[in-house]
Amino acid sequence: MKFFRRQQHTAIRLMSSDTATTAQEVTEDSLLNDDEALTGKELMEQVNDVYATPIAEHFPIEIENPSATTISVSISNDITISSKISTQVEEFPVTNSPLRVPLVPPRHRKRRVTELKCSEVRWFHRKSGTETKWTAFKGVDSLLLEVYWRQQMQIDLDQNTESYLQTLKLSTSVVVLDGLYRASEDLTMLNSIYWKDDTIEIRRGTWFLAENLQPIDPSMADPIESHHLHIFRSQTIPDAPVFSDKESSKKPILAELKLQDQYEVRWNSVIDITLYNNSKTSRLLRYITWGKGTPLKRGYEEAEWDDGKRIIKHLILVVHGIGQKGYENLIAKNTDQVREAIYNCMDKHYPDEKSRPMVLPVEWRAALILDGGITDYVTLPKMSSMRNTLNSTAMDIMYYQSPLYRNEIMEGLIRSLNNVYSLFMENHPDFDGPISVYAHSLGSVMCYDLLTCWSPLVLYDKYVAEMIEQQLAMKAEHAEILNDFQEARLKLLKLYGGFQLAFITQKQKLKFKVRNMFCVGSPLAVFLIMRGSTTFLPETDTLKRVYNIFHPYDPVAYRLEPLVHKQYRLIRPIKLFSSIDLRSLRDYALLPPEINKAYIKKIKIKEKVGKEKDARVAVVGDKDHEDIEEEDECESDDSSALRPSSPGSSPRSLTPPPSETGDNKKSWWKFGSNRKEKEASEGVFEEVKLNEAQKLVEEIPSEERLPYRMDYQIQPQITDRSYWSVLKSHFAYWANPDIAAFIVNCLYREDKKAK
């Protein structure tokens, strides 16, 4: 043991003062209790870890004698001190002396330099051409990419990854980012699965810039990794910085590596690695201490298989309406907004829910031929931009109403829906959850017709049947032929169950059933009325429930409930609560119906006219009541605009306008009493609304009542009162957080009821 201490002090004297201080600090960190044993082999490894600092000024470096390690410390440009320490295992007897040099405690086992495990490598992604910063993949995505990369490069996997993969079923390709993108064969790009022309650049990260953990280019990282393993393999990785701030200017250079483009990497210790740019400007700045190197870090935070692993319980297919001609990927961007709003809502209100719905776009317009562009030939040249906009938006409605092009549109929609569903099932073969449709504008009409198997042939059959009956009533000459035609028609209807089902081909059938259809900004009611329908079919075998969501200022949207029974025109649609309101998590089916204020107004007027003897007084009272109702209606419509998160809301919006007449001015000490009177009157008003609404519903025959509410209204912002707000309200559904909270509430509340 004395021999060991003499060799130790000799080595410290040969080293510089700064280096000696570092070695002593490392030695002091390895103190152990006196009752632990020490073997000669472990002691030799401990000495090598503390004092061995091989120099590598030229690559590669070979160490001939593993028992004799060269120590070289560069003190200045002209002075280099070198010494050899012979470490024979037999000369270190194992004793229990308190003066011995201990090993690292077993409870804190130090890591050593070896090849990076799959979990220590992290893959990154960024949008090509639009993003400059790399974003790290979730743990499960990064591990999958690393496994496929090592399989291509024929590199062995570490033991932990190998054992975990035995529990997984790997597909032939890598699907990442919540199942929306598939990696290319060379693992350099991601391609979108469910829409076109969307690529993401990916990069394998082994070495990173220490400041922001951005991965360096693999062309630089690979030679750095190879050099690092060659020089420092099996050496201990310190848990704390090797050099203090005072010693930063006097770090020894243990190894160097020159890279392309005038870059150079220098090792001052196992964990102190710096990247330099050796251009003339950079060297000048470094000489005058203005420019410093860039610290590098090896490895990333270990990835876990549970990080980012999503459980999919619901599938939501987003179908667009008009305005997609020439904007094929617009629906993909809108779907991203819907998905982000839903995920944000679930992160906030359902933090314990591990599953997330899969939200996918359905684009049906791009593949249609229709008239082949003939309408563009007949379009007038004046105001061409406005006319082209109309041709690419409003013309879709005319195409759909045409019996010549309707079948092509419907087949395009069915083909797109089935393609998206098939791709989804290929990547998620175990999915057995419910499927919902989020349809906007004309898309809601198309989806309703598809799910209810409606066809314009029904109208033609009805027209033909009426004409035959008229001819038979007039005793036409060919009555026998008409009777035969009528009998054949009735047999056809009996055989297929409806004329609209008689000519449906295999191409016009969906591969799945839909539980919920969320219609947003839908003109479905008008289309049904134009077809002569006075009722609405809320449930079929392929569709369980319909939600009609609309903005109150949307010029395209209409209500559906009055089509079931005309009394529902007096019942107000349900207003969606704000996403920041905890009431948005409750069951909307438990809310009582509310009556329209205009109907209450008529009831009160009738009561007042009956009580008043003087007709003139009744008219005056009617006028005053009308003013109150108008103010109350405005306040109710803008209730959501007063929430703190609403843009445009401010304390001024809550301030009542000043009175125009001097008689209505109130003193400040009378304001409280008036407020109490107003609250009391509002309470009575709400009670009247509830009572009258219940009476109206009870007047409807039970067989004609709604099985569930269908009309839901978004509460507008306080600034939504301009003409521009009216125009943009039809396209304000995609990123609306209130709609996202409502959809999440509907989907996951049904799951709780099912359980």
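**Questions on a sheet and its surroundings**

Student: In which loop does E363 lie?
Tutor: The model is predicted: local features need pLDDT of at least 70 and side-chain atom pairs count only at pLDDT 80 or more, while totals for chains, interfaces and linings use all residues. Residues are numbered from 1 along each chain as its sequence is written, and side-chain values use heavy atoms, with hydrogens and water left out. Helices (H or I, at least four residues) and strands (E, at least two) are DSSP runs, numbered from the N terminus. On that basis, E363 lies in the loop between β15 (358-362) and α9 (374-378).

Student: Which side chain of opposite charge is nearest to E363, and how far away is it?
Tutor: Lys and Arg count as positive and Asp and Glu as negative, with His and the chain ends not counted. A salt bridge requires a side-chain nitrogen of Lys or Arg within 4 Å of a carboxyl oxygen of Asp or Glu. E363 is buried yet has no salt bridge, where buried means under 20% relative accessible area, exposed over 50% and partly exposed in between (1.4 Å probe, protein chains only). The nearest side chain of opposite charge to E363 is K196, at 6.8 Å.

Student: Which backbone nitrogen lies 2.9 Å from a polar atom of the side chain of E363?
Tutor: A polar contact is a pair of N or O atoms within 3.5 Å; within protein, one must be able to donate a hydrogen and the other to accept it, and residues adjacent in sequence count only if both atoms are side-chain atoms. For the side chain of E363, the backbone nitrogen at 2.9 Å is that of A366.

Student: With which residues is E363 in contact, leaving aside its neighbours within four places in sequence?
Tutor: Contact means heavy atoms within 4.5 Å. With those neighbours set aside, the residues touching E363 are H320, E328, I331 and S416.

Student: Which residue of β16 stands opposite V318?
Tutor: Two strands pair if DSSP finds at least two bridges between them. β14 is joined to β16 (residues 435-440) by five bridges, and the two run parallel. In β16, I316 stands opposite S436, and V318 stands opposite Y438.

Student: Which strands are at the edges of the open sheet?
Tutor: Seven strands form the sheet in the order β15-β14-β16-β17-β18-β20-β19, with parallel pairing. β15 and β14 pair over five bridges, M358 being the bridge partner of L315. The edge strands, each pairing on one side only, are β15 and β19 (574-575).

Student: What angle does each of the helices α8 and α12 make with β15?
Tutor: Axes are lines fitted to C-alpha atoms, for helices over the stretch in contact, and angles run from 0 to 180 degrees between N-to-C directions. Helix α8 (residues 330-349) packs on the sheet, touching β14, β15 and β16, and its direction makes about 160° with that of β15. Helix α12 (residues 406-427) also packs on the sheet and touches β14, β15 and β16, and its angle with β15 is about 145°.

Student: Is V744 buried or exposed?
Tutor: V744 is found in helix α23 (residues 737-754). Among its contacts beyond four places in sequence are I342, C345, M346 and Y350. The C-alpha atoms of V744 and Y350, 394 residues apart along the chain, are separated by 9.3 Å. With a relative accessible area of 1%, V744 is buried.

Student: How far apart in sequence are the parts that E302 and K117 tie together?
Tutor: The side chains of E302 and K117 meet in a salt bridge at 3.6 Å, N to O. E302 lies in the loop between β13 (294-298) and β14, and K117 in the loop between β2 (80-86) and β3 (122-127), so the parts tied together are apart by 185 residues.

Student: Which residues does the network around R709 and E561 join?
Tutor: R709 forms a salt bridge with E561, the closest N and O atoms being 2.8 Å apart. R709 lies in the loop between α21 (671-699) and β20 (711-713) and E561 in helix α17 (residues 561-564), so the pair ties together parts 148 residues apart in sequence. Relative accessible area is 18% for R709 and 0% for E561. Salt bridges that share partners join into one network R559, E561, R709 and D711.
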